[in-house]
Amino acid sequence: MSDPTNVLAPEHRRLRIGDTWRDAASGATFAVEDPATGQTIAEVADAGVADGCAARDAASTAMAQWAATPPRKRSELLTATHRALTERSEEVARLITLEMGKPLAEARAEVAYGAEFFRWFAEEAVRVEGRYSTAPAGGYRILTVPKPVGPCVFVTPWNFPLAMGARKIAPALAAGCTTITKPAAQTPLTMLLLARIMEEVGVPPGVVNVVTTKRSGEVVSALLADGRTRKLSFTGSTEVGRVLLRQAADNVLRTSMELGGNAALIVCADADLDVALDGAMVAKMRNIGESCIAANRIYVEEPVREEFTARFAERMGALSVGHGLDDGVDVGALIDDASVTTIDKLVADAVERGARVLVGGERPDGPGHFYPPTVLVDVPEDARMLREEIFGPVAPIIPFTSDDEVLAKANDTEHGLVGYVFTRDLQRAIRFAEGLDTGMVGINRGLISDPSAPFGGVKQSGIGKEGSHEGILEYLDLTYAAIDLP
């Protein structure tokens, strides 16, 4: 098996700032490990505050020229990035699997998904419009002009190391903004490779800066404290999001926050159970369950509970676990030991409170950060896994008897990212779609992510939308001019 890290030369495992690849000012580095083996696969630069400030300076210096770049030129560079990612899909996917753990098939899907953001926003770049109209009272005209908000800071998670960066960088560049991305310390290599690809296709220096660091708090705080930063976009936990929102308030930054989830998946008695089972497997096990939109709680209406549970448990138990680069693997390694420990504790808590494990439920011995696909029933309402984001391959199944009952339970959470409903009754589907306190709803499908659709939550699951036409608006300010014309 060839080494996927070879696609990223040692000189490109450093910080991408302005027109250079440089070491951290301190010379510090940190290790990136393969979560399936625990072995170090690369060393990357460990940036400090001085490096973050250098990236801020580079993004600020490049801002005026990039904003003045014709939209068609920006569009062409985004299209070239889409093409390059598509052509190099296999090597990018293998790198994702090596540093993140997901099976190669899922990594390939992530590359396709991430690349699509560049194609979508290449098309949006040339369709940013203002308006010109007569004031209702007459006597003057109203002119609105959209403008890029300015330099942006992005803090991206480890679970989709390419797609989450693409979902932010593509609309920002389409709108005319420059960027500084701080990828997760567990998975920095993919973002560095993306920066290298964008350099190769001709994106100008200073437009895409990447700062890798284990000292996220101090570096990001310094970036947000500078008045030249005008936008923060973060994907991650609600707890960290609250901290960043407080920091962003000091300079009244524009913010987009995609935070935690606690998705309910509802299977009604009138659902097509084959469709529901397929959808539940995708919603639960996509990305090994390490997704903010993963089904966290599965509610099944009583008449079909027994059949659905048996068939779902059988399918979960048949999944193969192993290194994501090996053939035939369905479930790869979780990101780190802390993640496995958290999931193991959630399962133990539920069992202590009376839940029964049908499949899985035991942490395996040996190297790597693995946890088996797990299904639990008889899960009491006070179990922690019904309140906390599981973020792994564990599925609690809970029965329900009425729509009002399950809606109340589904909405009984601080989160509001996504919900899933399986039913063949159109009116019932619409009532659920309107009744769920979520920013997104999947009706008879377990996969809702699409660059052409507005992704985002309500309540403590976030602020703003990513993707779709709405996604580029997050990177535009609007200037209004009143023009006297008697």
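Q: What do two strands need in order to pair?
A: Two strands pair if DSSP finds at least two bridges between them. The model here is a predicted one.

Q: OK, take β3 and β4. In which sense do they pair, and over how many bridges?
A: Strand β3, residues 29-33, and strand β4, residues 40-45, are antiparallel, with five bridges. Within that pairing, Val32 has Ala42 of β4 opposite.

Q: And how many residues lie between the strands of that hairpin?
A: Six residues sit between β3 and β4, and in this hairpin Gly38 takes a positive phi near 80 degrees.

Q: Moving on to the sheet of seven strands. What order do they come in?
A: The order is β14-β15-β16-β13-β12-β18-β19, in an open sheet with mixed pairing.

Q: Which strands stand at the edges?
A: β14 (356-359) and β19 (440-443) do. Each has a single partner strand, so one side of each has no neighbour in the sheet. From one strand to the next, the twist averages 25 degrees.

Q: How do β15 and β16 run, parallel or antiparallel?
A: Parallel: β15 (residues 374-377) is joined to β16 (residues 394-400) by three bridges. Thr374 has Val394 of β16 opposite.

Q: Which strands does α11 touch?
A: α11 packs on the sheet and touches β14, β15 and β16, its direction making about 25 degrees with that of β15.

Q: What about α10, what does that lie across?
A: Helix α10 (residues 302-317) lies across β12 (263-267), β13 (295-301), β14, β15 and β16. Its angle to β13 is about 140 degrees.

Q: New topic, pockets. What volume does the largest pocket have?
A: The largest pocket has about 1100 Å³. Its lining takes in 50 residues, and Trp158, Gly236, Ser237, Val240 and Phe391 lie nearest the centre.

Q: Which elements give two or more residues to that lining?
A: They are α5 (163-175), α7 (216-225), β10 (231-235), α8 (238-249) and α11 (337-352). The most comes from α8, with six residues.

Q: How many of the lining residues are nonpolar, polar and charged?
A: The lining of the largest pocket has 21 nonpolar, 18 polar and 11 charged residues.

Q: And the second largest pocket, what is its volume?
A: The second largest pocket has a volume of about 150 Å³. Lys102, Glu106, Ala109, Glu110, Tyr113, Phe160, Arg286, Asn287, Leu447 and Ser449 line this pocket.

Q: How do those divide by class?
A: In the second largest pocket, four lining residues are nonpolar, two are polar and four are charged.

How values were computed
Residues are numbered from 1 along each chain as its sequence is written. This is a predicted model: local features need pLDDT of at least 70, side-chain atom pairs count only at pLDDT 80 or more; totals for chains, interfaces and linings use all residues. Side-chain values use heavy atoms; hydrogens and water are left out. On a 1 Å grid over the protein atoms alone, a cavity is a set of points where a 1.4 Å probe fits but cannot get out, and a pocket is an open set with protein on both sides within 12 Å along at least five of seven lines; lining residues have an atom within 4 Å of a point. Grid points are joined across faces, edges and corners, and a volume is the space filled by probe spheres set on the points. Helices (H or I, at least four residues) and strands (E, at least two) are DSSP runs, numbered from the N terminus. Ala, Val, Leu, Ile, Met, Phe, Trp, Tyr, Cys and Pro count as nonpolar, Asp, Glu, Lys and Arg as charged, and the others, Gly among them, as polar. Axes are lines fitted to C-alpha atoms, for helices over the stretch in contact, and angles run from 0 to 180 degrees between N-to-C directions. Contact means heavy atoms within 4.5 Å.
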